Structure formats: C-alpha cells, structure tokens
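Take a look at the structure below.

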Amino acid sequence: MNTTNKEAHSDIEELLPWHAAGTLNRRDTQRVEQALARDPELARRFAMVREELGETILLNETLGAPSAHAMEKLFAKIDAEPARKPALSLNLSARVAGFFASLSPRTLAWSASAAALAILLQAGLIAGIVIKEKSAGGYETASAPSTDPGVGAFTLIRFAPQASSDDITKFLEANKLQVAAGPMSGGLYKVRVAVTGLPKAELARIVKKLQEDKVVGFIATTE
Amino acid sequence: MQTTSDEVLIARIAGGDRLAMQVLFARHHVRVYRFVLRLVRNEATAEDLISEVFLDVWRQAGKFEGRSAVSTWMLSIARFKALSTLRRKPEQELDEEAAEQIEDHADNPEVALAKKDKAAVLRQALSKLSAEHREIVDLVYYHEKSVEEVAGIVGIPEATVKTRMFYARKKLSELLKEQGIDRGWP
C-alpha cells in the first residue's frame with residue numbers, strides 16, 4: 001500500500017464511528033461503504049466500532065434519569081423570571097413554524113387528507129404573515145382581524161396536492177395574493193387578488209393567468 | 001400523528017409558552033442529564049445542572065437561530081455549564097459508582113474476564129476513558145452527533161474531532177488489552 005492509500009485508509013477509518021451511528025453525509029457514507037466492501041480488515045474493525053456503539057448506548061442507558069424534582073426546580077426558576085415580552089426578535093420562519101404547530105390534527109380532521117390540508121393551511125398562514133408584515137410594517141397574524149376584511153377582489157383556490165408550502169408561498173408572493181379565509185369545505189381558500197374591487201373581465205383575466213400555475217388545482221371567482 | 005419539532009417548540013418558548021417548555025424538557029432532559037452526569041460524575045450536581053441548562057433555553061429561545069439542531073444547542077449549553085461547575089469545584093469528589101469503576105483497575109485480566117463477559121469489560125473500559133475521550137465517544141455513539149456537530153459542541157476543529165475520536169478508540173483498545181481482550185487493533 002503506498003502512502004496515499006495509507007492516508008486514505010486512515011481517513012476512512014476515522015469515519016467508521018460516524019458511519020456506525022448513521023451520521024455521515026451521503027458522500028462519505030458511500031466512500032466508507034466502498035472501502036468496507038473491498039477491505040476485510042477494515043470491515044473487521046468496523047465490527048469493533050459497532051460493538052463500541054452498542055455498549056456505549058447500553059452504558060448511557062444504565063445511567064438512570066433525574067428525579068421528578070428536576071422539572072419542579074426548573075419551573076420554580078421560570079416562575080421567578082420576569083414576565084416575558086412578546087418575542088419580536090423571532091424570525092419569520094420561526095413564527096410561521098409556531099403557527100404550523102398550533103394547528104392540532106383534530107382541527108384538520110374534517111378532511112380525508114389532513115396532511116395535505118395542513119400544508120395548505122400553512123401556506124395561508126405564510127401568505128397572511130408575509131403580506132401583512134409588508135403592508136403594516138409590523139407583525140400581525142393571519143387570523144387577526146383585518147382592517148378591511150371584505151374589501152377587494154377575491155377568488156376561491158384549491159392548491160394542487162403535490163404543491164409544497166414553499167411553492168404556495170412563492171406563488172402567493174409572486175402574484176401579490178393574500179389568503180383571506182380557509183380552508184373551507186373541499187380544501188378551498190378565499191384568496192384576495194386585489195385590495196379594491198375589479199371589473200369582471202379583469203378578474204377573469206387574472207383567474208385565467210393564475211390557473212396556469214402548477215400550484216393551482218382549482219380556481220374560480222367569488223364575492 | 002405529527003410530532004411538533006424542536007424548532008417549533010423553541011419558537012413557542014420564545015413567546016413564553018410554558019407547555020412547550022414542558023414538552024421540550026420531557027423530550028430531552030434525560031439525555032442532557034446523562035451527558036452532564038458523564039462529565040461531572042455526580043448525580044445531584046447533574047440534576048441541578050439540567051435545570052440550569054433548560055432555564056438558559058427558556059431565556060435564550062428568542063435568540064436561537066436554527067443554525068444547529070436544538071439538541072446540539074442544548075448539549076453545548078450543558079457542556080459549558082458542566083465545565084464551569086467542574087472549574088468551580090476542582091476538589092469535587094467522584095461519586096461512589098464512578099470511583100468503583102476506576103478502582104476496578106486492580107483486577108487482573110483473568111479475574112475481570114471471569115467476573116464479566118466481553119461486553120461488560122468493554123463498558124468498564126468505556127467508563128475508564130479520560131473525560132475528554134469519554135465525552136467525544138458519548139457524543140458520537142450515544143447522542144448521534146455528526147463530526148460538524150461535535151466540533152460545534154466541543155469547540156474544536158472537525159479534523160480534531162476525528163483524530164480525538166480515533167485516539168479515544170485506540171485508548172479503549174489499550175484498556176481492553178489490559179483486561180485480557182486483544183482486539184488486534186491498533
């Protein structure tokens with residue numbers, strides 16, 4: 001074995017613990033697997049690593065757990081903390097994530113495809129937050145009362161099942177749309193396309209244009 | 001059923017949600033406790049430390065930027081607090097269990113093998129590693145942290161993480177050899 005091969009072998013050998021734990025990236029995983037397939041000695045050493053992994057887990061599992069007082073102590077300290085101000089410093093994604101989580105599966109149970117609708121509802125929340133932040137210069141939830149909830153031109157949209165929340169968010173932003181309500185029966189959302197009323201022909205033109213986007217499964221005008 | 005992600009819990013905690021804090025605590029406190037316990041080797045100290053770790057999480061949640069996994073972030077806090085405690089109490093005595101494990105060096109290989117099977121000897125050897133080596137072995141094997149994550153938690157370059165793990169394993173082999181188990185490596 002030449003020097004380069006020795007170095008490569010050493011490099012691969014150093015990665016064995018992470019390979020055993022399943023925490024290598026795809027590229028390194030492939031490198032290690034290829035090396036293991038062609039090198040019986042490395043494979044033997046990998047078996048040792050797997051033994052170490054198993055016994056380390058067992059050792060840690062026998063360490064027990066803290067008593068129930070640990071949580072009591074923590075919350076006693078938290079109670080002694082000064083009252084928390086609203087978390088204005090949170091970034092948008094964290095706030096959106098919070099909204100996602102606030103939706104219990106039970107609230108979505110009316111649909112046979114709760115998971116898909118969860119994504120759509122998330123998209124609505126994203127849109128509401130993004131648009132309202134831009135317009136008001138501050139944070140406001142999508143569910144908060146709008147100053148003019150019934151004013152504008154609206155469509156009903158059902159998003160394509162395969163559209164991700166990211167796709168939908170981009171679609172809403174690109175077309176300056178705002179989710180006004182939803183999800184309604186059938187997974188429909190009421191989406192505002194303009195803040196003022198539009199002539200029927202103009203609204204029909206917008207609907208036709210939006211229909212061409214792959215994230216839109218169904219679209220129709222509405223009051 | 002969908003499980004709320006740690007990142008979502010942190011976002012809620014930043015808003016003062018105590019229930020989210022309870023969920024996060026329930027999800028992670030045992031692992032954080034075990035990580036700290038392996039460092040400080042004292043159950044009472046470890047228990048005190050985890051409430052401090054999670055209090056920091058409560059206080060700092062609004063500043064969490066998601067650059068690392070929440071569990072990685074918490075282990076970083078835990079490690080800092082554990083090392084700070086050890087620095088404050090250099091004379092801290094090891095608990096009885098840890099002391100017994102170290103004193104087991106007195107056993108000769110035959111006795112050790114007679115008393116325990118190979119797996120038990122391996123666990124015994126794992127307990128005898130230095131704090132530095134024990135820490136990295138636990139992070140990689142038990143806490144399932146990547147090279148990058150270990151580097152972030154311990155505060156060392158990724159290359160050092162790999163070599164430190166390598167030498168920890170090498171030391172493990174030496175300890176096993178002392179107990180009569182020759183792994184033929186290194």
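This is a predicted model: local features need pLDDT of at least 70, side-chain atom pairs count only at pLDDT 80 or more; totals for chains, interfaces and linings use all residues.

Residues are numbered from 1 along each chain as its sequence is written, while chains are lettered from A and ligands numbered from 1 in the order in which they are written.

Begin at the interface. Here 38 residues of chain A contact 46 residues of chain B; contact requires C-beta atoms, placed from the backbone, within 7 Å. On the side of chain A that touches chain B, α1 (3-21), α3 (40-61), α4 (69-79) and α5 (92-102) of chain A each supply at least two residues. Helices (H or I, at least four residues) and strands (E, at least two) are DSSP runs, numbered from the N terminus. α3(A) gives the most, with 11 residues.

Now go inside. A nonpolar core is a set of buried Ala, Val, Leu, Ile, Met, Phe, Trp, Tyr and Cys residues joined through C-beta atoms within 7 Å. Buried means 20 or more other C-beta atoms within 10 Å of the residue's own, exposed 12 or fewer, partly exposed in between. The largest core has 65 residues. Helix α2 (residues 18-40) of chain B gives the most to this core, with 11 residues. Among the residues with the most contacts inside the core is V32(B). Beyond four places in sequence, V32(B) touches I50(B), V53(B), M74(B), L75(B) and A78(B).

Finally, find D213(A), in the loop between α8 (200-211) and β4 (216-222) of chain A. D213(A) is partly exposed because 18 other C-beta atoms lie within 10 Å.

How values were computed: Two residues are in contact if their C-beta atoms, placed from the backbone, lie within 7 Å.
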